[in-house]
Amino acid sequence: MNAFDILGPVMIGPSSSHTAGAVRIGRITRMFLGSEPVKADILLHGSFAKTYKGHGTDKALIAGIMGMNTDDSRIRRAPELAEQAGLEIVIHTGEIDGAHPNTACITLTDAAGKTVSLMGSSIGGGNILVTKLNGMEVYVTGQKATLIVLHQDVPGIIAAVTEIAAEAGVNICNFRLSRQQRGGEAVMTIEMDGEFQEDLNEKIKQLPNIYSSILVKPI
């Protein structure tokens, strides 16, 4: 346990789980989209669904989707700022089998029609856990530098990606692979230790059969 776990993050709002964690869920979804969203569809589950208005979870999620950090003073005005920016927000509640009580499912769409869907939970102290990306299982905590590589499920692609990581001196501490079907879209989740150059991600993007690669720095 570190000081962050005990004290929690620097943040705006009454609850690290319902505000700081929510900001981070929204922010990481925006990172995965990789462009400016024009529409956000948000499904709230459990405690998020029951108390989001009182705890400002809706404002926090919207703030994160707009790229704000947990200590941004504009969080309280996020819905208003989203409307001014032309960002359409749809919020509804529902039940998700087996999900953590503080869970949100977010689908973002940009002006070109590109979408990304993510399921993330706020697990306490402002920490988050992303468990689904575009319907595929992942495991992203945001506590370590993480590569999220969307790719076609073809032979040799895992070896190619990990070879680039090895050449960069990266120590892979956690690796997960999820796919929709054989030969279809798949996602690698690679958590890494140590220092590495920013061009690592750019090199991975240049590989054949890679749809996108996102480097998520610790948040």
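**Sheet and cores, explained**

Modeller: Hello! Val 149 stands opposite Ser 213 in strand 10. This is a predicted model, where local features need pLDDT of at least 70, side-chain atom pairs count only at pLDDT 80 or more, and totals for chains, interfaces and linings use all residues. Residues are numbered from 1 along each chain as its sequence is written, and side-chain values use heavy atoms, without hydrogens and water.

Biologist: How do you know that strand 7 pairs with strand 10?

Modeller: Pairing requires at least two DSSP bridges between two strands (E runs of at least two residues, numbered from the N terminus). Six bridges join strand 7 (residues 145–152) to strand 10, so the pair qualifies.

Biologist: Why are strand 8 and strand 10 at the edges?

Modeller: The open sheet has four antiparallel strands in the order 8-9-7-10. Strand 8 (171–179) and strand 10 (210–216) have a single partner strand each, so one side of each lacks a neighbour in the sheet.

Biologist: Which helix packs on the sheet?

Modeller: Helix 6 (residues 157–167; a helix is an H or I run of at least four residues). Helix 6 touches strand 7, strand 8, strand 9 (185–193) and strand 10, contact being heavy atoms within 4.5 Å.

Biologist: What makes a set of residues a nonpolar core?

Modeller: The members are buried (under 20% relative accessible area, 1.4 Å probe, protein chains only) Ala, Val, Leu, Ile, Met, Phe, Trp, Tyr or Cys residues, joined through side-chain atoms within 4.5 Å. The largest such core has 39 residues, and Ile 28, Phe 32 and Leu 61 are among those with the most contacts inside it. Helix 2 (residues 16–33) gives the most to this core, with six residues. A second, separate core of 17 residues includes Leu 147 and Phe 196.

Conventions:
Axes fitted to C-alpha atoms, helices over the stretch in contact; angles between N-to-C directions. Buried < 20%, exposed > 50% of the residue type's maximum accessible area, 1.4 Å probe, protein only.
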